[in-house]
Amino acid sequence: MPKSRTGPRPASKISNRKKFIDFGGFMMKKPRTDQPWIQRNIPYKVCHTFVLDPKNKTDEQAYLPIRCSCGAEAEEHEIEFTRDPAIMEWNPSLHVRKHKGSCFGKIKFVEEDGTHQPDYVRISDDMMSKKSGCMRVMELLETRWRLPRPNLIISVTGGAQDFQCPPELEKRFKRGLAKAAKSTDAWIFTGGTNTGVMKLVGEAVRGTSFGSQIVTIGVTTWGIIKNREQLSITNERKLVRDYETKESKKGRGAFLDPNHTHFLLVDD
């Protein structure tokens, strides 16, 4: 008779079993999650103390929102304004602090069909000022988001104002950009909002049969995004965030473009 194995199982078998889930008798590979890595490595900035912007004219124009010197509205701060002389003048070194990466996930554009859900993360601007920060951002893109390394980077910049483009020129631009990006395995970078030339780029990419294969990354300033509060809810169990692009309580700013594949939302 063969001898029965006693004692602990080999470590290799234990580690392999942890990678799978028993699903009705079938062993399925567990989905990969990058929550812990992002929380450890991708911080973002928050102005925690509201200091009234000297340019604010709420007494004369009551319809204007009350803003802090950082540019955000009062409701986006943890601490209300106080007349303590030590904080009368806004100072980013005193009133801004970093939070662990808890603002990330996928965006579900409510007005769309829900099949396209771009990845996003909120990120501190000073990460790009150091080599270590740049390396972490590249690891996020290539390893965590699994983007194939590009052969070419296409950066499209331009005004965020809506403009009228002649139909034939618009058609040529869209077709040429999509073809160039696809043939060179390029990444396209824009400002990421649903306005101006950035909206045009999004339409160019998604308007082709291979649009989902083109990496289009929006690098957007966090403070100018309308309805950004819908993306800042820190619920680790809900990584898909519903995002509306039709109505907003905030008068200025812009909505994110639903045709981009990824978003880096930068705190400056």
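Strand E8 (residues 186-190) is joined to strand E9 by four bridges, and the two strands run parallel; strands here are DSSP runs of at least two residues and helices (H or I) runs of at least four, numbered from the N terminus. Two strands are taken to pair if DSSP finds at least two bridges between them. The model is a predicted one, in which local features need pLDDT of at least 70 and side-chain atom pairs count only at pLDDT 80 or more, whereas totals for chains, interfaces and linings use all residues. Residues are numbered from 1 along each chain as its sequence is written, and side-chain values use heavy atoms, with hydrogens and water left out.

Strand E9 itself, spanning residues 215-221, is mostly covered, with five of its seven residues buried. Buried denotes under 20% relative accessible area, exposed over 50%, and partly exposed the range in between, computed with a 1.4 Å probe on protein chains only.

Helix H5 (residues 167-184) packs against helix H6 (residues 196-206) at an angle of about 65°, with the axes 8 Å apart. Axes are lines fitted to C-alpha atoms over the stretch in contact, and angles run from 0 to 180 degrees between N-to-C directions. The crossing of H5 and H6 is right-handed, that is, the near helix is turned clockwise from the far one by less than a right angle. On the H5 side the contact involves Glu-170, Phe-173, Lys-174, Leu-177 and Ala-178, which meet Leu-200, Val-201, Glu-203 and Ala-204 in H6; contact means heavy atoms within 4.5 Å. These residues divide into six nonpolar, no polar and three charged. In this division Ala, Val, Leu, Ile, Met, Phe, Trp, Tyr, Cys and Pro count as nonpolar, Asp, Glu, Lys and Arg as charged, and the others, Gly among them, as polar.

Glu-170 forms a salt bridge with Lys-174, the closest N and O atoms being 2.9 Å apart. Both residues lie in helix H5, four residues apart, about one turn of the helix. Glu-170, Lys-174 and Glu-203 are linked in a network of salt bridges. Glu-170 counts as partly exposed because its relative accessibility is 22%.

The structure holds nine salt bridges, each defined as a side-chain nitrogen of Lys or Arg within 4 Å of a carboxyl oxygen of Asp or Glu. One of them joins Lys-98 to Asp-126, with the closest N and O atoms 3.2 Å apart. This pair links distant parts of the chain, 28 residues apart: Lys-98 belongs to strand E4 (residues 96-99), and Asp-126 to the loop between strand E6 (119-124) and helix H4 (131-144). Lys-98 is partly exposed at 46% relative accessibility, as is Asp-126 at 27%. A further salt bridge is formed by the side chains of Glu-139 and Arg-144 (3.0 Å, N to O). Glu-139 is partly exposed, at 28%, whereas Arg-144 is buried, at 17%.

Cys-70 is located in the loop between strand E3 (44-47) and helix H3 (92-95). With a relative accessibility of 31%, Cys-70 counts as partly exposed. Apart from neighbours within four places in sequence, Cys-70 is in contact with Cys-47, His-77 and Trp-90.
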